[in-house]
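These exercises walk through one structure, step by step. Look at the sequence and the model, try each task, then read the solution.

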Amino acid sequence: MKEINFQELEGKSAGFYALLAVSGFFLLLGLYAAYNLEHHGHIISGMNNQIVWGIPHVFAIFLILAASGVLNVASISSVFRKTFYNPLARLSVLLAITLLLGGLTVLVLDLGRPDRLIVAMTTYNFKSIFAWNIILYNGFLLISIIYLWFMMERRMKQYYPTAGLVAFVWRILLTTGTGSIFGFLVAREAYNAAIMAPLFIALSLALGLAVFLLVLLIDCWQTHCSLGEGILQRPKKLLAVFIVAVFYFVLAYHLTNLYITGRHGVEYFILANGGIYTVLFWGGYIFLGTIMPLLLLYHDRFTQSRTSIAAAALLTILGGFSLLYVIIVGGQAYPLDIFPGMEVTSSSFFDGVVNSYTPSVWEILLGIGGVSLFVLLTTLALKILPFLPRSLADSDIEPEFRN
Amino acid sequence: MSPTQNRRDFLKKTATVAGLTTIAPGILFYNVSQAKPDGEAVTSKVRWGMLIDTTKCATGCTDCVDACTKEHGLNDNVSAEVAPQWIRKVGLRDKQTGKETSLPMLCQHCEEPPCVDVCPTGASFKRADGIVLVDKHTCIGCRYCMMACPYKARSFIHETLENQKPHSPRGKGTVESCTFCVHKVDKGEQPACVEACSNADHNAIIFGDIKDPESEISKKLAEVSSTALRADMKLNPGVRYQGI
């Protein structure tokens, strides 16, 4: 295989500065929102004592899932030894780090007491999956940085596959942990399911690859780098496989719940009678996030177009976001069954009724702030260090895939 | 006696007197504090529990809720969805028989509390005597305990608070719930809701040590049939209901 040359972004184009300015602006807005949430309290958010986790958590978990999923591109190259993916490995690890930083920032700034981050970092209850996640997230950042270093430093090349394997195992653990935040919630009917862990792993692979493809397409469109059709084909097919995998786990989850009589209520709520959650499930996740991208990726009429690939990636992200909203907010909107066999006739604390939630502008700004941090950090990193291959033209990558 | 010896004697005596006057109050106060029952460590020989007789609980009566609000200063001026509720009244109808019930719902002070299991920092904790509390100094406000509680017993403080009760500290950005009026129980008193129910002559709530076979609550529990809410979860709550 040919030697791959990497380079920094030139960073002189109007597009580059526009990206910095826009992401910087939204990051500042996000920080301002976080300041207000801290100063006034969560009273200015749409969250309340009935819906305790809202849109910031959807953003945060979305970014964290995408972070662990995007690392998959590097894993394919170093763990599964598909050298075809080698030129893309650096970018993959960089995106993993910046996406995670974006997600964690949202998660931390949404805390009631973000100033007590040091308490969360030093006082652990090891029975809590949340405490495990704090260790998993920090470990992921550290391992990814070492992985990247071994990848970029010639003297460390011999340890690079080992670092890749550690990173791969760690990311599987991390997403298992993220899924188990919900899987281990025994009291709520929409959660309390072991399948949450593999569902989140599949979702992370789909979201991560979708983000990766988008970044690659935007970068090559902006820098006019030669991106071969060949190099786009494999990740494109893989994205379709991941979308189907997510659908499989979602299907298994709902079929299980439909079989258990005690869970018919929550299933009816999500699938048929849940208002926004039903719309997001069928319209957002199933139609826009699953059927449409599969059509764009597989149908002969669209499959050769780059616009189709970009659209498919965008729709996958939209679908994943919708699914997370349905899982996180929809799962809380459905009332807890505190008194089985009883109907609640009155309550001053909204027992037995569907809880409503309308996100406030502050929470949405906080979430967008996390995405902006990801964009800003990525853009700056691409300017500072050589993450991008000089050419991604088919002939420059590998002769193997051309046949 | 030489003047040197005199001086030495004087210094010795002064030092002794000064030393005693410094240490003595400490020793005295130490004895006083040891003598007070609330200075003793909490023990697992006791488990505080509550038996609520729903047949005595009057529909429309909110005396227990009002007493709790007053005792802990919970009169936050916010919307109902955001307002904290450590205890609430719930009206129920049996889906099969149509029997109507009214009962107070509060933290069930589980033996195996899910809120304690999920808390990342250990701020949610259970005292040796079974009372489940939140350490307001280590709570980071993640609300995972609220997601985990099967009884919706916890509230998050969404706004800045003023005029708090010194015996019941609360803080913006942290989670809170019924404390079984731990500040009163430690002094040998009854929780505010129990007192209010008794003052209203309903006597629907009995509070006491369920590990002491001679306590009123233990005798009653041995005599009548009672229900643990969501018994299927095997959390062994400290609050039991009679008549549902």
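**Exercise 1. Two helices of chain A**

How near do the axes of helix α1 (residues 14–40) and helix α13 (residues 361–384) of chain A come, and at what angle do they cross?

Solution. Start with the ground rules. This is a predicted model: local features need pLDDT of at least 70, side-chain atom pairs count only at pLDDT 80 or more, and totals for chains, interfaces and linings use all residues. Residues are numbered from 1 along each chain as its sequence is written, while chains are lettered from A and ligands numbered from 1 in the order in which they are written.

Step 1. Find the helices. Helices (H or I, at least four residues) and strands (E, at least two) are DSSP runs, numbered from the N terminus.

Step 2. Axes are lines fitted to C-alpha atoms, for helices over the stretch in contact, and angles run from 0 to 180 degrees between N-to-C directions. Two residues are in contact if their C-beta atoms, placed from the backbone, lie within 7 Å.

Step 3. The axes of α1(A) and α13(A) come within 7 Å and cross at roughly 140°.

Step 4. Sort the residues by class. Ala, Val, Leu, Ile, Met, Phe, Trp, Tyr, Cys and Pro count as nonpolar, Asp, Glu, Lys and Arg as charged, and the others, Gly among them, as polar. The contact of α1(A) with α13(A) has 17 nonpolar, 8 polar and no charged residues.

**Exercise 2. Where the chains meet**

Task: describe the side of chain A that touches chain B.

Step 1. Count. 38 residues of chain A are in contact with 48 residues of chain B.

Step 2. Find the elements. α5 (117–122), α6 (129–152) and β2 (342–347) of chain A each give two or more residues to this side. The largest share, 6 residues, comes from β2(A).

Step 3. Classify. This side of chain A divides into 19 nonpolar, 14 polar and 5 charged residues.

**Exercise 3. A sheet with strands from both chains**

Which strand of chain B pairs with β2(A), and in which sense?

Step 1. Apply the rule. Two strands pair if DSSP finds at least two bridges between them. β2(A) and strand β2 (residues 87–94) of chain B pair in the antiparallel sense over 5 bridges.

Step 2. Locate partners. A:Met342 has B:Asp94 as its bridge partner in β2(B). A:Glu343 stands opposite B:Arg93 in β2(B).

Step 3. Order the strands. The open sheet of 3 strands runs β2(A)-β2(B)-β3(B), with antiparallel pairing. β2(A) and β3 (100–106) of chain B each have a single partner strand, so one side of each is left without a neighbour in the sheet.

**Exercise 4. A sheet in chain B**

What is the strand order of the open sheet of 4 strands in chain B?

Step 1. Order. The strands run β8-β1-β10-β9 (chain B), with mixed pairing.

Step 2. Edges. β8 (205–209) and β9 (226–227) of chain B each have a single partner strand, so one side of each is left without a neighbour in the sheet.

Step 3. One pair. Strand β1 (residues 48–53) and strand β10 (residues 239–242) of chain B run parallel and are joined by 4 bridges. B:Met50 has B:Val239 as its bridge partner in β10(B).

Step 4. Packing. Helix α7 (residues 216–223) of chain B packs on this sheet, touching β1, β8, β9 and β10 of chain B.
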